[in-house]
Amino acid sequence: MSSFRLLARRTAPALRRFSTETPVAGKNAYLANLEAVEHHAAETTELWRKISNYVCLPAIAVCGAWVYNLEMEHKAHLEHEMAENDGQYPFPPAYEYLSMRRKPFPWGPNSLFFNAEVQKNLAEDSEE
């Protein structure tokens, strides 16, 4: 006999052992477990889709509206303060412990994130 036939005859009984169907249960435990995992995954996916759509998105919208209203109140308050102070933001008193520098910045007396609209310009104070 050829070696191929001999090899096929020897491996055929071994291949039957790895069959996916058993005559007793109809499905083996692996396939039953695989179906259970797929079913659980589908249910969990649907649950998180509902949570995202019906809980998270409305919560984001409510928080966004709340922050918008809060910022509009803050903006109105700043405009009111500017109107009371001739169009300038009120600066804090010049206490000696504010804006202390042990050595100057390489770019000047103000910090790197200096904003002239809302912060006191220390360069003007050093000139006086």
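Helices here are DSSP runs of H or I with at least four residues, strands are runs of E with at least two, and both are numbered from the N terminus. Keep that in mind for what follows.

First, the ground rules. This is a predicted model, so local features need pLDDT of at least 70 and side-chain atom pairs count only at pLDDT 80 or more, while totals for chains, interfaces and linings use all residues. Residues are numbered from 1 along each chain as its sequence is written, and side-chain values use heavy atoms, with hydrogens and water left out.

Now the overall layout. The chain has three helices and zero strands. Along the sequence the pattern reads α-α-α.

How much of the chain is buried? Of the 128 residues, 4% are buried. Buried means under 20% relative accessible area, exposed means over 50%, and partly exposed is in between, with a 1.4 Å probe and protein chains only. The exposed surface comes to about 11700 Å². Carbon and sulfur atoms supply 61% of that surface. These areas come from the Shrake-Rupley method with a 1.4 Å probe, and for residues only the protein chains shown count as cover.

Next, contacts, meaning heavy atoms within 4.5 Å. Take those between residues at least 6 apart in sequence. Of these, 19% join residues at least 24 apart.

On to helix α2. This helix covers residues 29-84, which is 56 residues. From first C-alpha to last, α2 reaches 80 Å, close to the 82 Å expected at 1.5 Å a residue. The expected span is 1.5 Å times one less than the number of residues. Where does α2 bend? The bend is at Ser52, by about 35°. That angle is taken between axes fitted to the seven residues ending there and the seven starting there.

How many salt bridges does a search of the whole structure find? One. The rule is a side-chain nitrogen of Lys or Arg within 4 Å of a carboxyl oxygen of Asp or Glu. The partners are Glu46 and Arg49, with their closest N and O atoms 2.6 Å apart. Why can such groups pair? Because side chains of opposite charge can do so when their charged atoms come close. Glu46 and Arg49 are three residues apart in helix α2, so about one helical turn separates them. Glu46 is partly exposed at 33% relative accessibility. Arg49 is also partly exposed, at 39%.

Now leave the helix. Just after α2 comes Asp86, with a positive phi of about 55°. That is a positive value in a residue other than glycine. Asp86 sits in the loop between α2 and α3. Buried or exposed? Asp86 is exposed, at 74% relative accessible area.

Arg101 is also in the loop between α2 and α3, and α3 spans 122-127. Arg101 is partly exposed at 39%. Leaving aside neighbours within four places in sequence, Arg101 contacts Pro109 and Leu122.

Last, the aromatics. Rings of Phe, Tyr and Trp (its six-membered ring) pair if their centres lie within 6.5 Å; planes under 30 degrees apart are stacked, over 60 edge-to-face, the rest tilted. By this rule there are two aromatic pairs. Tyr95 and Tyr97 are stacked, 5.4 Å centre to centre with 10° between the planes. Tyr95 is partly exposed at 45%, whereas Tyr97 is exposed at 54%. Phe105 and Trp107 are stacked too, at 5.0 Å and 5°. Phe105 is partly exposed at 28%, and Trp107 is partly exposed at 47%.
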